[in-house]
Amino acid sequence: MTFNDRRTTIFCLLAITIAWVLFCWPWFWGGKIIPYDAKNHFYPMIRFVADAWHSGESFTWSPHHYGGFPMIADPQSAIWTPTFWIPSLISPNPSMQLVDFVHLIHLLFGAFAIFGFGRISGWRWEASVVAALIYMMAGPSSLRLEHMLMTVSYMWLAITLWRLKAVMEYGGIWRGLTFGIALALVLIDRNHVAYMGTWFLFIYWIAAVVRDVSQRKSDVVRRSHIPVAIGGVFALIVIAVPVILLLQLANDSNRPEFSYLEASWQSLHPVALFSFILPEYFGSLRLGGGQHWGPPSNIWGEKGLQIHRGMLHMYSGAVPLLLIVWFGIIKRQLFIKEARFFAIACIICVIYALGRYTPVFYVFYKFIPGIDLFRRPADALFIFGFSLSLLSGALIQQGLFLQRDIPSRVLHILTAVGLTILFVGMFWLANSYERLPDFVNSLIVPLVIIATSLLTIYIAQRSGRSRHAMMMVLAGVVAADLIYHSSNTRINARSAGAYQVLQDPQDHPIFSKMLTLLPRTDALGVNWRTEIIGLGPVVQNLPQVIQSQGLLGYNPLRLSGFEQHIAPNMQNNASTKRRFGDKMTSYNSDMANQLGLRYIISGAPLNEIDTSLGGDHLTLLGTAKHKWRTAYFYENTKALPRAVVQAEEGQKIDREISSVKYRNAEIEIIVGAGDAGMFVLREFYYPGWQATVNGKPVKISKHEGLFRSIPLSTQESHIIFRFEPLTLANIWSAIKVLVN
């Protein structure tokens, strides 16, 4: 049975699929969902798009997120992610389980692509299957499922490498264009994995170009590398508009770039490297395990490390470690042939991930364009896991049947010394923090896996008859190891009930009461703004689900005016303190009233959240309880309507105003005749909004550093605001601003 045999290919793909089903069992049938950002942030974004699609609304702008936000420019809105259109198209309120299914299937398709890469590269089936399994379930990707769009880019990275390899092997313009489409889909989500993955692909291709040019293979350059270049240009054309819109948002946001200090806080701590050897060394994964004691826990005590423990796991199975030691070092295959590129990529990714703990990241940050746009060096572990899966496949291909007559005694000794030092270091650290029992327990399963893998590879090398059977066993060991350690952990799985409020808010004791407030409107018929604060991370983006015009939210990106004037560095999680801006200095402020902030639902009495609170117009409507939380419902009786006509001096002009239409990206208002003045719409100013008065375009100005205003004559005025970010005028305007 050869690798090119169709039955072998089908069998391998079926085996990968079975491993994927077993890995996904807790989410499909075990009542678990992917927690944290996957639900706190991304699920409400998908629900917003789904609701907008099925109701005929625009999803380019959301009035429910931070008081108004350009969703089409936000790289985390999933608007430019075709695979996440699936749940939005299926249902106006897709379930968490449906979204998780679509999310997890990215890993399967990416594994198929890795298998395809191995096939084009001429690998044996066992090398391709092991590489695919490691790619699919390695800790850096599977334990960070909460970062959904990085998972998407991780899949497209695998598919793009597969298509790149196809162009390099077989050539052809059409293959080059399919590579370009895949590359565009890597880049279109504009995240850190996409950025680093593109560097990986570019350097992989350049290395091949240099090799072929140095060997004077002009026919290969013409047949293969020119189509790759054409595909790359095509990808840049496809992603131009999303990237320009993102840069336009970044230019008007709180985060046009990240300082070196901000990025350094999200570095991989050096002791986290031990997690590559022992998955449970720090007691972070198993649901029934002990307390996490590694960085950045309180027991560790290091200040300045602001990174979730789920981002500090490198475990990708015991087999890759075994392959590196046995085939890579002892058999000297690590830095020759195809393994060399992937080994170097692994090393660079680890150095990058360590961030501030090496001087190299500072050099990267200063001299490589684009790095200052991202805030987590530890994200490089995604590309580490990707490279490691390919390295494992290459080492099996190069080393499985390689026999050396004279083994290097020096390499054996150095390897033994290195492993001893590593083990002693792990022992010493565990002992220092009084974790020796946990350390001993964490050794049991990995040692069994390593012993089984060693025996399997040894028999496969020595016995021709049982070779295929032994390699099937090895693939099974890889799958079992990673399923056990990477599926249904404390980091990537949680009971669906913990997030049920996002799917069924009408059944929640607190937010069912909030829903009764939402139909209430101002004098123009526009829904009042609301604010949720101090009620936990799960409901931070609930306004996107329930169509509440929420003032706060959960997103690393916020408009610069909002950040300065309303709520600097503020997200509405469990905090019982609110940061106020230089205009909205309190809930009892003129700006709070101008914003139309009518209802505040808080996790503590309002005078504890806003210590400068005064006045008697913030009325307590009542409370509601759920488990240990008590929610307080307040009404601001001084909240003002969304629109006003003012004189140049700021006095209100008494003209009749009525709202004809108020939609996500279109607002239509009629203002009766009266004194000339300035029409102020208390919606946030942002490029791409266009206005007409009686059918004629007018320029929108920024009012008080926040709102939109237009000049108004004495006659009756029919005013229409539309958000049109995809017009040539807006794109060209964005380019000019960015160039200048």
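Which side chains meet in a salt bridge with 2.5 Å from N to O? They are the side chains of arginine 144 and aspartate 379. Arginine 144 sits in the loop between helix 6 (139-142) and helix 7 (148-170), while aspartate 379 sits in the loop between helix 14 (360-367) and helix 15 (380-399), so this pair ties together parts of the chain that are 235 residues apart in sequence. Arginine 144 has a relative accessible area of 1% and is buried. Aspartate 379 is buried as well, with a relative accessible area of 2%. The model described here is predicted.

The structure has 15 salt bridges by the rule used. Another one joins lysine 39 to aspartate 100, with 2.7 Å between the closest N and O atoms. Because lysine 39 belongs to helix 2 (residues 37-55) and aspartate 100 to helix 4 (residues 96-120), this bridge ties together parts that are 61 residues apart in sequence. Both lysine 39 and aspartate 100 are buried.

A further salt bridge lies between strands. Glutamate 666 pairs with arginine 722, and their closest N and O atoms are 3.2 Å apart. Glutamate 666 is in strand 10 (residues 666-671) and arginine 722 is in strand 16 (residues 717-723), so parts 56 residues apart in sequence are tied together. Glutamate 666 counts as buried at 17% relative accessibility, whereas arginine 722 is partly exposed, at 34% relative accessible area. These two residues also belong to a network of salt bridges that links Lys661, Glu666, Glu668 and Arg722.

The aromatic rings come next. The structure holds 46 aromatic pairs. In one of them, tryptophan 20 and phenylalanine 28 are edge-to-face, with 5.5 Å from centre to centre and 70° between the planes. Tryptophan 20 counts as buried, at 6% relative accessibility, and phenylalanine 28 is partly exposed, with a relative accessible area of 23%. Tyrosine 204 and phenylalanine 342 form a stacked pair, because their ring centres are 6.2 Å apart and their planes are at 15°. That pair links distant parts of the chain: tyrosine 204 is in helix 9 (residues 192-214) and phenylalanine 342 is in helix 13 (residues 337-354), 138 residues apart. Tyrosine 204 and phenylalanine 342 are both buried. They also take part in a cluster in which ring pairs link Phe117, Trp123, Tyr135, Tyr154, Phe200, Tyr204, Phe341, Phe342, Phe382 and Phe386.

Some rings have a charged side chain over the face. Arginine 163 lies over the face of tryptophan 162, 4.6 Å from the ring centre. Lysine 513 is placed over the face of phenylalanine 633, and its distance from the ring centre is 4.9 Å.

Leu14, Ile18, Leu22, Trp25 and Trp29 make a nonpolar surface patch of about 560 Å². Within this group, tryptophan 29 lies in the loop between helix 1 (6-28) and strand 1 (32-33). Tryptophan 29 is exposed, with a relative accessible area of 53%.

How many disulfides does the structure hold? The count is zero. Cysteine 24 is in no disulfide, and the nearest cysteine sulfur belongs to cysteine 12, 19 Å away. Cysteine 24 counts as buried, at 0% relative accessibility. Cysteine 349 is also in no disulfide; for this residue the nearest cysteine sulfur is that of cysteine 346, at 6.7 Å. Cysteine 349 counts as buried at 9% relative accessibility.

The last topic is the backbone. Most residues other than glycine have a negative phi. Glutamate 434 has a positive phi, near 55°. Glutamate 434 is found in the loop between helix 16 (409-432) and helix 17 (436-462), and is exposed, with a relative accessible area of 69%. Asparagine 488 likewise has a positive phi near 55°. Its place is the loop between helix 18 (467-486) and strand 2 (494-495). Asparagine 488 counts as buried, at 18% relative accessibility.

Definitions and conventions: Residues are numbered from 1 along each chain as its sequence is written. This is a predicted model: local features need pLDDT of at least 70, side-chain atom pairs count only at pLDDT 80 or more; totals for chains, interfaces and linings use all residues. Side-chain values use heavy atoms; hydrogens and water are left out. Patches are made of residues with over 30% relative accessible area and no salt bridge: like charges are joined within 9 Å, nonpolar side chains (Val, Leu, Ile, Met, Phe, Trp, Tyr) within 5 Å. Accessible areas come from the Shrake-Rupley method with a 1.4 Å probe; for residues, only the protein chains shown count as cover. A salt bridge is a side-chain nitrogen of Lys or Arg within 4 Å of a carboxyl oxygen of Asp or Glu. Helices (H or I, at least four residues) and strands (E, at least two) are DSSP runs, numbered from the N terminus. Buried means under 20% relative accessible area, exposed over 50%, partly exposed in between (1.4 Å probe, protein chains only). Rings of Phe, Tyr and Trp (its six-membered ring) pair if their centres lie within 6.5 Å; planes under 30 degrees apart count as stacked, over 60 as edge-to-face and the rest as tilted. A charge sits over a ring if NZ of Lys or CZ of Arg is within 6 Å of the ring centre and within 35 degrees of the ring normal. A disulfide is a pair of cysteine sulfur atoms within 2.5 Å.
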